[in-house]
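Please open the model in a viewer and keep the selection panel at hand.

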Amino acid sequence: MKILYLSDTHETHRQLTNLPKADMIIHGGDVSYRGGTDEVEDFIDWFSSLDYQYKVFIAGNHDFYFEGKLQHMIQQILYKNTFYLCDSGITIEGINIWGSPISPSFFDWAFNRDRGEEILRHWKRIPKDTDILITHTPAYGILDYTARGVNVGCEDLLNVINEIKPKYHLSGHIHEGYGIEKKEHTTFINGSVLNENYELVNEPVVFEYL
């Protein structure tokens, strides 16, 4: 299956013309800039109408709209082949996909959790048979290096990934972490299409799930 992955569009989604063909498109969160209703509803309208067989997305730390809303409330307004994941999973053509919007606490953003036991409670929910893991935050030390020269990914998430060994871990959040890094068991992809200055400069990533 050919999969197109991107994240951190921050309201620039309608500038993404001529997207590559694929069977599935996945968005890794931060669909909006301030998380307002108009921003998110415009994204949902755009994303749901894209010409892909399957469409999957999660929220990110900018997406306040989704906080306090139950997953089934969002799912009800989506097209039949579009799926919103929030600490939840779906199986598509035998591929087990799990998505979470959670990120380590930073100021007072959406879906923030303190490092340690609070955030670990979310990662412990990830099934051991997950094939594709989507989290807004990157794992610690992998595609999480900021322009200020520090790694800001989640250590507890990295430990869980090393334990369950998904084939792919898809993230975003840290715009300057855009890229692909292959480890022994897992391929890590940071799909942030905006750079640290919120300029649309990075291409969505296409990969073949075999």
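**The largest pocket**

Select the lining of the largest pocket: eight of its residues are nonpolar, seven polar and five charged. Here Ala, Val, Leu, Ile, Met, Phe, Trp, Tyr, Cys and Pro count as nonpolar, Asp, Glu, Lys and Arg as charged, and the others, Gly among them, as polar. The model is predicted: local features need pLDDT of at least 70 and side-chain atom pairs pLDDT 80 or more, whereas totals for chains, interfaces and linings use all residues. Residues are numbered from 1 along each chain as its sequence is written, and side-chain values use heavy atoms, without hydrogens or water.

The volume of the largest pocket is about 620 Å³. Its lining comprises 20 residues, and those closest to the centre are Phe106, Thr146, His173, Ile174 and Glu176. A pocket is an open set of points on a 1 Å grid over the protein atoms alone, where a 1.4 Å probe fits, with protein on both sides within 12 Å along at least five of seven lines; lining residues have an atom within 4 Å of a point. Grid points are joined across faces, edges and corners, and the volume is the space filled by probe spheres set on the points.

**The whole chain**

Now colour by secondary structure to display four helices and 13 strands (DSSP runs numbered from the N terminus: helices H or I of at least four residues, strands E of at least two). Along the principal axes, the C-alpha atoms fill a box of roughly 35 × 35 × 35 Å. Of the 210 residues, 57% are buried (buried is under 20% relative accessible area, exposed over 50%, partly exposed in between, with a 1.4 Å probe and protein chains only).

**Helix 4**

Select residues 155-164, which form helix 4; Asp156, Leu157, Leu158, Val160, Ile161 and Ile164 are buried there. Their cover includes helix 3 (117-123), strand 9 (132-135), strand 10 (168-171) and strand 12 (187-190). Lys165 follows helix 4 and has a positive phi, near 55 degrees.

Which loop holds Leu143? Leu143 is in the loop between strand 9 and helix 4; although not a glycine, Leu143 has a positive phi of about 60 degrees. Its relative accessibility is 15%, so Leu143 counts as buried.

Proceed to Tyr198, in the loop between strand 12 and strand 13 (205-208). Phi of Tyr198 is also positive, near 60 degrees, and Tyr198 is partly exposed at 34% relative accessibility.

Finally, select Gln15 in the loop between strand 1 (2-6) and strand 2 (24-27). Gln15 is exposed, at 54% relative accessibility. Its C-alpha atom lies 8.6 Å from that of Leu200, 185 residues apart along the chain.

Terms used
Contact means heavy atoms within 4.5 Å.
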